[in-house]
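The sequence and structure come first.

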Amino acid sequence: MNLLDTRPPFAGINGEIPPEFKTLSTPCYLMDEAVLQHNAEVLGALQKRTGCKVLLAQKAFSNYDLYPIFAPHLAGTEASGLFEARLGAEEMPGGEVHVFCAAYREDEMDELLRYADHIVFNSPRQLQKFASKAKAAGKSVGLRINPECSTQEGHEIYDPCAPGSRLGTTRAQWDKAVQEDAHLPELLDGLHFHTLCEQDADALETTLNAVASTFGDLLPKMQWLNFGGGHHITRPDYDMETLERCIRRAQQDWNVTVYLEPGEACALNAGYLLSRVLDIVRNGETTIAILDASAACHMPDVIEMPYRPPLLGAGEPGEKPYTVRLAGPTCLAGDVIGDYSFDAVPAVGDLLVFGDMAIYTTCKNNTFNGMPLPGIYSRTAGGDIRKLASFGYRDFKDRLGSP
C-alpha cells in the first residue's frame, strides 16, 4: 500500500504511509497540522487582501485542540446552535461568534446571547420573536435569505434552494411579513445566504447575482452580508479571482462588511482515517474486505451524501488488477465504503488510509451497534503524533442512560 498518490488528500504525507501511522491502534482519525496551517494561511491571506472576514464553520470541523492554528488567521467561528456557540467562544477567545439555526428554543436564548456576537434568524416569525432581545443584549441581528437559485447537481440533500426548502426566507415571504409588521426591517443589521456545497466561485457568482436581483434593494441598508459556506477556497484549483471579485462587488455596491463561513475549506484534505482489514470474504464475483472502520459510524457522509472517499494507493474499480469492496463490521447491510482496485487483494491486518477525513467525521460519528468511537490524534509537520482524545465503553453507555 506504500504507493505514490499525488491526489490532494494525500499531499500532506507525500503519497506514502509514514512509519508512525503503523504504530497507532485502529480505527483512528489523524489530523494533519501542517495542512490545517496551510488552509488557515490561505484563508487569512484572503481576509488581508479583500477586507472580508472568514469564520470557521464548526459544523464541519470542531476539534478545538487545533483551533489555535486558525485563531491568528480567522475572524472567529460560526455555530449552528448553543453548544457550538459556547465552544467557539471558549476555544477561540477574542474571535467573533456567529450563530444560525433554523429555529431557536426560547429556553436557550438567554444563554445563547451570552456567547453569540451575531445571531441570524431563519424566518420573519423568529426575527420578530427574538430580535429585540438580541439587540437589547448588544448583538448584531441578521436574517437568512433564500434567493431561490439552485446551483447543486447530485447533492440535492444539501440544496437550501430546493423547492419547498425550510432554510432561508424568500422575497415573497419577506414582503408578506413586512406588510403585516412594517417595523421588521428596522431590526436587521445584515443578511445571510448559504446555498453552496463543495463548490467553486462560479456558483457563488451566480448566487450573488440572484441575491442582487431579489434582495438588492435591502442591501444598502445593511451593515454586513454573509456569503455562508460551501466555498472550496483551499482546493488547489479554486477560482480565487472570481471569489475576490464577488467580495469587492458587495463591498462597493452595498457598502457592507462581507463574511464567509467555510467549514470544509478550513480542514480540507487535513485528516486521515486509519483502518485495518479484519477479514476477506467472497460472494459470487465480488471480493469484500471487512474493515474495523464503519461507513455508517465513522464516516457517515459516505452513506448520506453519498460519496466514495479517497484511499491511499487504490484506484477506481477496474483500474488495477483486483477490485475489492470495502465494508464496515456493523449489521447494516449498506455499511459499504466503496469499491476500489488494488495491485493485490489486501490481506488481513493491512493498514488502509482514507483521505479528507477531518471534516464531517469526528463531529458527526456515532456508536451504532456499540461500535467504539475512533481515537483522535494529530500529526505535526515534523511527524510527531499526539493523542487528542480516546474513547471506550463508558462513552457508549453514558449517553444512553444514567452513569
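Helices (H or I, at least four residues) and strands (E, at least two) are DSSP runs, numbered from the N terminus. The model is predicted, so local features need pLDDT of at least 70 and side-chain atom pairs count only at pLDDT 80 or more, while totals for chains, interfaces and linings use all residues. Residues are numbered from 1 along each chain as its sequence is written, and side-chain values use heavy atoms, with hydrogens and water left out.

**Surface patch**

Phe-368 sits in the loop between strand 14 (351-355) and strand 15 (375-379). Its relative accessible area of 37% makes Phe-368 partly exposed (buried is under 20%, exposed over 50%, partly exposed in between, with a 1.4 Å probe and protein chains only). Together with Ile-303 and Leu-332, Phe-368 forms a nonpolar surface patch with about 240 Å² of accessible area. Such patches are made of residues with over 30% relative accessible area and no salt bridge; like charges are joined within 9 Å, and nonpolar side chains (Val, Leu, Ile, Met, Phe, Trp, Tyr) within 5 Å. Areas come from the Shrake-Rupley method with a 1.4 Å probe; for residues, only the protein chains shown count as cover.

**Salt bridges**

The structure holds 25 salt bridges, each a side-chain nitrogen of Lys or Arg within 4 Å of a carboxyl oxygen of Asp or Glu. Three of them are listed here.

| Pair | N to O distance |
|---|---|
| Glu-108 and Arg-105 | 3.6 Å |
| Arg-245 and Glu-205 | 3.1 Å |
| Lys-364 and Asp-301 | 2.6 Å |

Asp-301 is buried at 8% relative accessible area, whereas Lys-364 is partly exposed at 26%. A further network of salt bridges that share partners joins Arg-49, Glu-244 and Arg-248.

**Helix 5**

Helix 5 (residues 124-136) has 13 residues, which at 1.5 Å a residue should span 18 Å; its end C-alpha atoms are 18 Å apart, in agreement. The expected span is 1.5 Å times one less than the number of residues. A kink of about 45 degrees is centred on Phe-130, the bend being the angle between axes fitted to the seven residues ending there and the seven starting there. Buried residues of helix 5 include Phe-130, Leu-127 and Ala-131. The buried residues of this helix pack against helix 4 (109-115), strand 5 (118-121), strand 6 (140-144) and helix 6 (171-180), where contact means heavy atoms within 4.5 Å. Just after helix 5, Gly-138 has a positive phi of about 85 degrees.
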